[in-house]
Amino acid sequence: MKKLLLGDEAIAQGALDAGLSGVYAYPGTPSTEITEYIQMSPLAKERGVHSRWSTNEKTAMEAALGMSFMGKRALVCMKHVGLNVCADPFVNSGMTGVNGGVVVLVADDPSMHSSQDEQDSRFYGKFAMIPTFEPSNQQEAYDMMAAAFEYSEKQCLPVLMRVTTRMAHSRAVVELADAPREQNALNYDAKAANWVLLPANAKKRNDAVTAQQAQLEEDATNSTYNIYKEGKDKSLGILASGIGFNYVNECFPQGSPYPILKISQYPLPKKLVRRLMDECEQLLIVEEGQPFIEDIVRGVADMKNVHGKLDGTLPRTGELTPDAVKQALAELSTFNFELSTGFAPSENVVPRPPALCQGCGHRDVYAALNEVLKEYDNPRVFGDIGCYTLGFLPPFRAIHSCVDMGASITMAKGAADAGQWPAVAIIGDSTFTHSGMTGLLDAINENANITVIISDNLTTGMTGGQDSAGTNKFEAICRGLGLSDEHLKVVVPLPKNMPEITQMIRDEINYKGTSVIIPRRECMQTLQRHLKQKKAAK
Amino acid sequence: MKTDIILCGVGGQGILSIATIIGEAAMNENLYIKQAEVHGMSQRGGDVQSNLRISSNPIASDLIPKGGADVIISMEPMEALRYLPYLSKNGWIITSSTPFVNIPNYPDIEVIKADLNKLPNVIMLDIEGKAKDAGVPRSANVILLGAAQKALGIEYDKLEDAIRRVFGRKGDAIVEANIKALAIGKEAQK
């Protein structure tokens, strides 16, 4: 059967057809649609595949390991910075190994369309000694899912599958398997001691996994996903990984005269790379993301006939484009490229940055906060990750920092420790449960002089309105962490409540200690969706 | 057959439903399709675009090279201009004439229209007005699709069939409204 699927959907369907028993994930662009697809899938429902959102990537990864411990196949999905959050279980899963297959799907976001950095997850794979797959297109992403689970079980290691934005968020027709594979039965791991990373066991595992690397590299050399395509003209050899391979092909509609080595499985098969280097006079390395392969190939010797991002033949940062790849190829070869030119850009076009929705509760929170902070000399507002980060832009210009999930509360605390007052943290409901709770405990334990605003819109808004783990529990969570009721306030952020909310903020800033204000009103996006559903039901 | 299309507008204007209809028509014809979309932060009122490529031969890149687009379909006039470097010299722009003003420095709309009118192949339509007049106010984007039919190189009937399949489960009234909108767009091509 053929289906038009997003890369993310192809991955999800591939996992389901590979006999998946559970997906564990926290929403993050560009990975969100994988879990959403599984949540909507009739097959997943019929089979009871776990698909509820996890509180963060770390809890997701650990739950997946638990499922693997029981012999079943589990998928973990996240965006690239999510891998930082679950780095501890991820790296140590390379030590425990797995029982049921585990695939860790990480969607990188070069060009930072919806992210704060451009980190390349392939480094994590190498670092954790975990085999890494990188599909070039949607069909390969689908097919690779079955291969990755199988390989994970064969090598008793998790597999990291790395995709990038254009792969995750691009549709293509995908040919699906005739029937899904059966799910694994419950099966305790015969290698029980591997799961106990007590130094005595872990040392053995470290030696074993290190020794296993040679086999992984040999498998990559023989992998059907790593293809050496012959070419008559040896003046140039092209090494292309992941979707970089597509851009190379786009430049040669009639086929490349130069040899091409396509890399989609790591560890980097050095034998194949060496063959390309031996056969060709010079090398162009085309990879989406950071110069991961290029750095290995170029080495300390800084070989002059190796070209790519490090010598400026391709742009050092940002996504690859077919145009950038064509320009690089034209620079290094005598091939006669058809260079098509478009129209000159219009000088009258102005940028249109994203903005908070009209009627959004975060707007009222910022309006109130700005009004109150005018009364103080040097207020500082520590922001966080979510729609409300847009509060940095005009008209609000309301926040002074945005670093990572949860950093608003902890940075405000550190600033207060250093003598800052007023120190205000603003964090969304989902970000708070993801990574804010532990920081709030630190603040409460020292009664740090900060005011925390948990702007609760009852959903994970930025990624499209997924369930938020703490909905209806925020007051209880704050109390549980030791906050007194006196400094725990709840309000509905609406223009008509402006006097109430401004007074509340003022009072809590003036209180010398930790306080939490929870402005709570549903996200406009989910509200509209719910109203539509209600109307349809009538 | 090969058509490279840029669909653009402002987040929330519904460019992806146009893409869905074209994709459905193309898939039914057994054509190859690649459609790169924008999700995430920019959907909140920012500029959004989708690269849609359909071809009788396999398609390598998800992105359209500069100067390669055969048609730009835009829900907003300034957004149509944003992608000019991607438009082929003999490509078409099919755009709504109604500005979507959600930024303080939106240029004078007459300047934008003048820029558009300087280009060789442009169809600029008051799609919201036409949709309202015809009693199909929610199908303005499909008027744009109808107006792009020739530039897309897809037969009119195939688009109509695709609409029936895409909107089928939403009921006859919605199917008919969209087919009416498609016909209004088709007329505007002449």
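**A kinked helix, a chain contact and their surroundings**

Helix 17 (residues 429-445) of chain A carries a kink of about 70°, centred on Gly436(A); the bend at a residue is the angle between axes fitted to the seven residues ending there and the seven starting there. Helices (H or I, at least four residues) and strands (E, at least two) are DSSP runs, numbered from the N terminus. The model is a predicted one, in which local features need pLDDT of at least 70 and side-chain atom pairs count only at pLDDT 80 or more, while totals for chains, interfaces and linings use all residues. Residues are numbered from 1 along each chain as its sequence is written, and chains are lettered from A and ligands numbered from 1 in the order in which they are written.

Helix 17 of chain A is mostly covered, with twelve of its 17 residues buried. Here a residue is buried if 20 or more other C-beta atoms lie within 10 Å of its own, exposed if 12 or fewer, and partly exposed in between, with C-beta atoms placed from the backbone. After helix 17 comes Asn447(A), with a positive phi near 45°.

Turning to chain A as a whole, its secondary structure comes to 20 helices and 18 strands. The radius of gyration of chain A is 26 Å, close to the 24 Å given by the globule rule for 538 residues, so chain A is as compact as a globular protein of that length. This radius is taken over C-alpha atoms, and the globule rule is 2.2 Å times the number of residues to the power 0.38. The C-alpha trace of chain A spans about 75 × 65 × 55 Å along its principal axes, and 55% of the 538 residues count as buried. Among the contacts of chain A between residues at least 6 apart in sequence, 78% join residues at least 24 apart. The domain assignment gives chain A domain 1 (2-178 + 194-222), domain 2 (227-332) and domain 3 (361-526), with bounds that come from an automatic or database domain assignment. Between the C-alpha centres of domain 2 and domain 3 of chain A the separation is 47 Å.

Several backbone details of chain A also deserve a look. The peptide bond from Pro394(A) to Pro395(A) is cis, with omega near 5°, and Pro395(A) sits in the loop between strand 14 (380-382) and helix 16. Another cis peptide bond joins Trp421(A) and Pro422(A), with omega about 0°; Pro422(A) belongs to the loop between helix 16 and strand 15. Ser111(A), although not a glycine, has a positive phi of about 80°. Ser111(A) lies in the loop between strand 4 (102-108) and helix 7 (122-127) of chain A, and counts as partly exposed because it has 16 C-beta neighbours inside 10 Å.

The contact between the chains takes 37 residues from chain A and 41 residues from chain B. On the side of chain A that touches chain B, strand 7 (170-175), helix 11 (244-251) and helix 14 (322-332) each supply at least two residues. The residues of this side divide into 18 nonpolar, 13 polar and six charged, where Ala, Val, Leu, Ile, Met, Phe, Trp, Tyr, Cys and Pro count as nonpolar, Asp, Glu, Lys and Arg as charged, and the others, Gly among them, as polar. Strand 7 of chain A runs antiparallel to strand 2 (residues 32-36) of chain B, joined by three bridges; strands pair if DSSP finds at least two bridges between them. Within this pairing, Ala172(A) has Lys34(B) as its bridge partner.

In chain B, Asn30(B) occupies the loop between helix 1 (15-28) and strand 2. Phi of Asn30(B) is positive, near 60°, in a residue other than glycine, and Asn30(B) is exposed, with 9 other C-beta atoms within 10 Å. Pro120(B), in the loop between helix 3 (109-117) and strand 6 (122-125) of chain B, is likewise exposed, with 10 other C-beta atoms within 10 Å. Strand 5 (residues 87-96) of chain B, by contrast, is mostly covered, with eight of its ten residues buried. Strand 5 pairs in the parallel sense with strand 4 (residues 69-74) of chain B over five bridges, and Ile93(B) is the bridge partner of Ile72(B).

Methods: Contact = placed C-beta atoms within 7 Å.
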